[in-house]
Every structure is written in structure tokens, then in C-alpha cells.
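Subject: Model handover

Hi,

Here is the model I promised to pass on.

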Amino acid sequence: MFQIRIHGRGGQGVVTAAELLSVAAFREDRHSQAFPSFGSERTGAPVVAFCRIDERPIRLREPILAPDAVIIQDPTLLHQVDVFGGLQPAGYILINTARTFEDLGLAEFAQKFNAAHLCTVPATEIAMRHVGRPLPNASLLGGFAALTGRVSLESVAAAIGEKFPPKVAAGNIAAATEAYEFVQREMKKEAAGAEAG
Amino acid sequence: MLKQVEGSAAVAEAIALCRPQVICAYPISPQTHIVEALGRRVDAGELTPCEFVNVESEFAAMSVAIGASATGARAYTATASQGLLFMAEAVYNAAGLGLPIVMTVANRAIGAPINIWNDHTDALSQRDCGWLQLFAEDNQEALDLHIQAFRLAEELSLPVMVCMDGFILTHAYERVDMPTQAQVDSYLPPYQPRQVLDPADPVSIGAMVGPEAFMEVRYLAHVKQEQALELIPAWADEFRRIFGRPSGGLVHEYRTGDADVIVVALGSVLGTIKDTVDEMRDQGHKIGVLGITCFRPWPSVAVRDALQRAKRVVVLEKSLAVGMGGIVGNNVSASFSGSPDCVHTVIAGLGGRSITRGSLHRVFEQALADSLEPLTFLDLDRALVDRVLERERVQRRSGPIAEGILKDLGVVAAKIG
């Protein structure tokens with residue numbers, strides 16, 4: 001089982017991101033389960049959503065306490081919520097920011113993880129270009145597909161196409177695609193750096 | 001057809017396939033997505049003939065369902081929590097009148113303190129009202145139970161409540177196999193009412209009955225519930241024949257064959273329990289699970305048979321009979337042929353508290369080691385409780401408990417997650 005926890009703020013499409021991810025995995029004939037942390041929904045409040053992907057039916061209903069990947073839709077949460085709580089040593093981290101882990105003061109923390117599993121992506125900027133609104137969720141799913149290879153970009157795009165009307169879907173698919181390519185480039189740079197270093 | 005959808009959307013689609021003729025509802029979390037989806041279908045003309053009635057309260061929702069059902073219409077509504085309590089008088093009337101209404105209860109806690117999260121207090125508060133109560137383990141079963149509910153309700157002329165865990169199931173996206181209209185039509189024939197308000201053949205429904213026959217009418221309600229115990233497995237078998245999967249029935253047994261300890265529970269927590277039990281089986285522990293799908297009527301014989309060989313029974317329930325203990329636990333004890341001392345009640349998940357494998361391991365290991373108390377509260381913060389009790393001991397005006405306990409915890413509002 002592969003478990004993903006998505007942190008963001010109310011209004012950023014955190015719950016939708018988990019749902020889309022589950023649909024993308026379903027389209028690849030896998031079992032998946034997406035659910036939000038439940039509460040009184042308020043714009044701007046910290047929100048968590050969860051997604052599990054497995055080859056077998058998923059029965060577990062507990063929140064994801066030991067994720068294999070965390071997606072952080074809003075880097076201001078780093079100082080407010082234990083976003084990395086329980087993250088597995090081989091886990092993946094994808095943060096929506098134009099800055100680096102070092103810029104965010106996470107250089108030392110990042111050393112505990114596989115550098116090839118960590119990435120930042122300016123998802124909000126990408127979303128502004130393609131969707132016209134600061135909704136980073138679709139971009140981050142594109143980035144997630146590139147970083148982890150757990151779902152394909154095609155499945156993410158198909159899930160987006162299923163969820164939204166054609167025009168909104170097209171913008172979000174473009175954003176996911178740009179983020180996918182961005183993360184792929186970052187990973188190549190990281191791989192080249194690792195080889196050189 | 002396999003689909004990856006939200007539980008509420010799956011249930012709404014299943015309800016639509018059952019061709020309801022009157023849907024009335026008053027919105028309350030976490031039931032809202034179900035009736036919203038049905039409202040959209042009626043509005044789009046995808047569900048005809050069907051009247052969607054916006055009502056002013058839950059009391060009105062059940063009253064409209066009663067009226068609709070009495071005219072021979074297939075009637076559906078949904079509610080949760082305080083909404084179910086607000087309609088309680090009409091809930092009893094629907095059962096007493098023998099009207100086959102189907103209602104989803106998206107299980108949620110009852111206030112005060114106000115709490116929108118999941119537990120089973122709402123449905124279990126209505127356990128003696130005369131409705132059948134079915135509990136879904138996952139969204140596939142929630143969908144399937146609604147189809148079975150209409151069949152059972154109309155066959156017995158009794159209302160059926162389908163209980164699905166609020167948020168945990170209603171808001172979860174997972175895979176479901178959506179049946180075809182032809183499958184549902186072959187399982188669920190058009191409604192043939194036993195009683196109908198028809199101007200061409202006038203009758204009264206809802207006569208006053210005095211002491212001369214009230215007992216007999218109530219006894220007939222009990223007889224019908226006993227008939228349901230026969231019909232539910234039969235209709236589950238028929239369901240399996242048409243839809244190709246097991247769903248519904250009275251109880252589900254899981255790895256109980258040689259189990260020394262059997263855990264009994266209702267609803268979606270069964271999934272987490274089964275995963276925990278698998279882990280404990282891998283460690284060599286003889287532990288199994290009994291899922292109660294049908295809570296009313298209470299399947300006493302099925303429960304007794306399933307628990308026959310168990311040395312210890314752990315009833316894990318999301319409800320509390322304040323001042324007594326477990327509600328499900330009490331029912332299980334009454335059906336257990338062994339010593340009642342071997343039945344342990346664990347109150348868990350009240351007001352949406354997460355029930356984790358880690359906590360379940362601890363409590364099940366205690367049961368295996370014969371060290372589990374008769375009544376325990378899973379993950380109870382005893383220190384927090386003691387602070388309140390101490391405050392009340394030293395101070396007359398100790399203040400409101402809920403606000404005080406949040407202050408002790410250092411939160412200004414309920415924590416999410």
C-alpha cells in the first residue's frame with residue numbers, strides 16, 4: 001500500500017486533490033481510497049486529505065499516520081502543522097513553493113531523506129498561468145506523478161477531465177503537465193548533481 | 001460498472017436506480033451530498049416520475065415521507081444526528097403505521113457538546129422505534145443495502161434505515177460496482193402497497209387503538225421484525241444471485257472458525273478491525289471478527305452461533321448508553337451462550353475520534369491476556385477527565401465542562417484530524 005497525505009488550506013482544493021489522485025489510480029486498475037480530515041470547513045484553515053493506493057481492496061479507515069508521501073500545498077503550514085509527522089524514511093516530499101528546501105530552512109531535515117524523493121514546484125504560479133486562480137492542486141498532482149511514478153500524467157489528466165467541465169479541465173491539465181515537466185527537469189538536475197558529487 | 005466515486009454519490013445513484021417516486025429531505029451534514037445529488041437528478045429530468053420535496057425540517061421530511069408512502073409512492077429520505085432526533089416522533093409513526101419508507105442515516109454524534117463527526121449515537125437512539133436498521137461496512141455495501149432496503153421494506157411493509165458512517169463513508173472516494181437498471185429492476189419489482197390512500201377505495205390509516213388491541217398491534221410489529229430475520233438472509237441470497245456479490249444479510253463472520261477472541265462491531269470500523277486481526281493472526285493469535293449488518297431486528301441466533309466457540313468477546317462500539325455502558329455490548333451479552341463476564345465492551349470513536357490499528361492492537365491483546373476490563377473507553381485521556389473532576393470538587397462554579405476541557409487542552413476550537 002502507498003499512502004499519501006496532502007496538507008493545505010481550506011479553499012486550495014486539498015480534498016479534491018486526494019479525490020483526483022484516487023481516480024487516477026483507479027484508472028490504472030488499482031484500488032484506492034481518498035478521504036478528507038473532517039471538520040467545519042473554513043477558508044484558510046489547515047486542511048488535510050488522504051489517499052491510499054494498493055493492488056488489493058483497501059479496508060483500513062484510520063487517518064494516514066505514516067505516509068509514504070506528503071504533498072504540501074501551502075508552505076506557510078510548515079510552521080503551523082506537523083506536516084512531516086510519521087513520514088517514512090524512503091518517503092517523498094513535494095512542496096508548492098518557488099523556493100528550495102534550503103530556502104525554507106529544511107536543508108538539515110531533508111538530509112534524513114533520499115534527495116531524489118524531495119522536490120519543490122511553483123504550483124501556484126503555474127496554476128495562475130493556466131487556470132487563472134491560485135489553485136495549486138492539479139499542478140501538484142502532475143508534480144507528484146513525475147516525482148513518484150505512482151500514477152501516470154495521463155491518468156492524472158484523465159481524472160481531471162472526469163471531474164471538471166472541459167474548459168476548467170483543460171487549464172488544470174495544462175498546469176499538471178507543466179508541473180510534471182518541471183519536476184522531471186528538477187529530478188534530472190538532482191540526478192546529474194548526485195552523479196557529479 | 002466499476003466506478004471511483006464518493007460514497008454519497010454512489011448511494012444517490014443506487015437510490016435513483018430504485019426508482020423512488022417521492023424524495024424529501026432537509027439538509028444536514030454529513031447526509032447533504034446524497035440528497036443534493038438526487039435533487040440534481042430530479043431537476044435534470046433523469047429521475048421520473050419523482051417529486052423532490054424541499055421541506056422545512058426533519059420532522060417535515062419524515063411527515064412528507066409518511067404521507068407519500070401512504071398514497072402508495074415509493075418514498076425516500078435521509079438524515080443524521082440531531083435531524084434524526086428532531087424527526088423522532090414521525091420515525092415511530094412510520095414504523096407503527098407500517099409504511100415502507102427507506103431512510104439513509106449518515107451516522108453522526110449527538111450534541112451537546114455540538115459535534116459534527118461520526119459515531120453511532122444517532123441511529124442507536126432509535127433502535128426501539130420499529131424500523132429495520134442495517135449498517136454498511138463500506139460504500140459498496142452502503143449502495144447494495146439501499147437496494148435491498150426497498151425490497152425488504154416493501155415486502156414487510158416496514159420502514160428500513162440504512163446506516164452508513166458519516167464522513168468516513170459518505171465522503172470517501174472508493175471503488176464501487178454500480179449495478180445496471182435491469183439488475184435493480186429484476187430485484188425490486190414495482191411497489192405493491194398493503195394499504196393505500198385511494199379516493200376510489202377510501203380507508204383511514206392511523207386509527208386510535210385503545211387498550212383492547214394496542215398490545216396486539218405492537219406484538220404484530222415484533223412478529224414482523226422476526227419475519228425480517230428470515231427474509232433478510234433470503235433477500236441477500238437473491239441479491240447475490242442477481243448482482244454476483246455477497247452483500248447484506250444478518251452478520252458477517254471473518255476468521256472466526258478457531259478464534260478464542262471474537263471482536264464484534266458495526267459499520268466501517270470493521271475494515272480497520274479486520275486489518276488488525278490479520279496482523280495479529282500473523283503473530284499466531286486466534287482472533288476473529290463478527291460484523292453485525294442487521295442491528296434491528298437483532299439477529300440473536302446468528303450472533304449466538306457465531307460466538308459459540310469464543311472464550312472472550314470484545315464488542316467495539318461507537319455508542320454509549322450513558323449510565324449503563326454499551327448498547328451493542330448489552331445486545332451481544334443477551335445472545336452469548338457463555339458467561340456474560342466474558343463479554344467486554346469497548347466504547348470507541350465517539351464524536352469522530354480516530355480508531356487506529358495501534359489502539360486496537362492494545363485492547364485486543366488485553367483481551368487475549370484476560371486483562372481487559374468489562375467496560376473500557378478506547379484512548380480515553382484520563383488526565384483530562386481528572387482535571388475536570390478535580391475542578392468540580394474544589395469549586396462550586398466550575399463552569400461549562402466542554403469549554404473548560406478545551407481550555408485545558410489549549411485549543412480554541414475542535415482540532416481537525
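This is a predicted model: local features need pLDDT of at least 70, side-chain atom pairs count only at pLDDT 80 or more; totals for chains, interfaces and linings use all residues.

Residues are numbered from 1 along each chain as its sequence is written, while chains are lettered from A and ligands numbered from 1 in the order in which they are written.

**Chain B overall**

Chain B has 15 helices and 15 strands. Those elements are DSSP runs numbered from the N terminus, with helices being H or I of at least four residues and strands being E of at least two. The C-alpha trace spans about 70 × 55 × 55 Å along its principal axes. For 417 residues a compact globule would have a radius of gyration near 22 Å, and chain B agrees, with 22 Å. (That radius is taken over C-alpha atoms, and the globule rule is 2.2 Å times the number of residues to the power 0.38.)

Of the 417 residues in chain B, 48% are buried. Here buried means that 20 or more other C-beta atoms lie within 10 Å of the residue's own, exposed means 12 or fewer, and partly exposed is in between, with C-beta atoms placed from the backbone. Looking at contacts in chain B between residues at least 6 apart in sequence, 77% join residues at least 24 apart. A contact is a pair of residues whose C-beta atoms, placed from the backbone, lie within 7 Å.

Most residues other than glycine have a negative phi, and most peptide bonds are trans. These are the places I'd check against that:

- The peptide bond from B:Ala112 to B:Pro113 is cis, with omega near -5 degrees. B:Pro113 sits in the loop between strand E5 (102-107) and helix H6 (121-125) of chain B.
- The bond from B:Arg296 to B:Pro297 is also cis, with omega near 0 degrees. B:Pro297 is in the loop between strand E12 (294-296) and H11 of chain B.
- B:Phe167 is not a glycine, yet has a positive phi of about 65 degrees. You'll find B:Phe167 in the loop between strand E7 (160-165) and E8 of chain B, and it is buried, with 23 other C-beta atoms within 10 Å.
- B:Asp379 has a positive phi too, near 60 degrees. This residue lies in the loop between strand E15 (375-377) and helix H14 (382-394) of chain B, and is partly exposed, with 15 other C-beta atoms within 10 Å.

**A buried loop residue**

B:Ala310 is in the loop between helix H11 (300-307) and strand E13 (312-317) of chain B. It counts as buried because it has 24 C-beta neighbours inside 10 Å. Leaving aside neighbours within four places in sequence, B:Ala310 is in contact with B:Ala259, B:Asp260, B:Val261 and B:Ile262.

**Where the chains meet**

The contact takes 24 residues from chain B and 22 residues from chain A. On the side of chain B that touches chain A, strand E8 (173-177) and helix H10 (269-282) each supply at least two residues, and H10(B) gives the largest share, with five. By class, that side has 10 nonpolar, nine polar and five charged residues. (Ala, Val, Leu, Ile, Met, Phe, Trp, Tyr, Cys and Pro count as nonpolar, Asp, Glu, Lys and Arg as charged, and the others, Gly among them, as polar.)

Strand E2 (residues 31-36) of chain A is joined to E8(B) by two bridges, and the strands run antiparallel. Two strands pair if DSSP finds at least two bridges between them. A:Ala34 stands opposite B:Tyr173 in E8(B).

**Chain A**

In H1(A), 13 of the 14 residues are buried, so the helix is largely enclosed by the rest of the structure. Just after H1(A), A:Asp29 takes a positive phi of about 65 degrees.

Strand E6 (residues 118-121) of chain A is covered on both faces: A:Leu118 and A:Thr120 on one side, A:Cys119 and A:Val121 on the other, are all buried. Four bridges join strand E5 (residues 92-96) of chain A to E6(A), running parallel, and A:Ile95 has A:Thr120 as its bridge partner.

Cheers

How values were computed:
Two residues are in contact if their C-beta atoms, placed from the backbone, lie within 7 Å.
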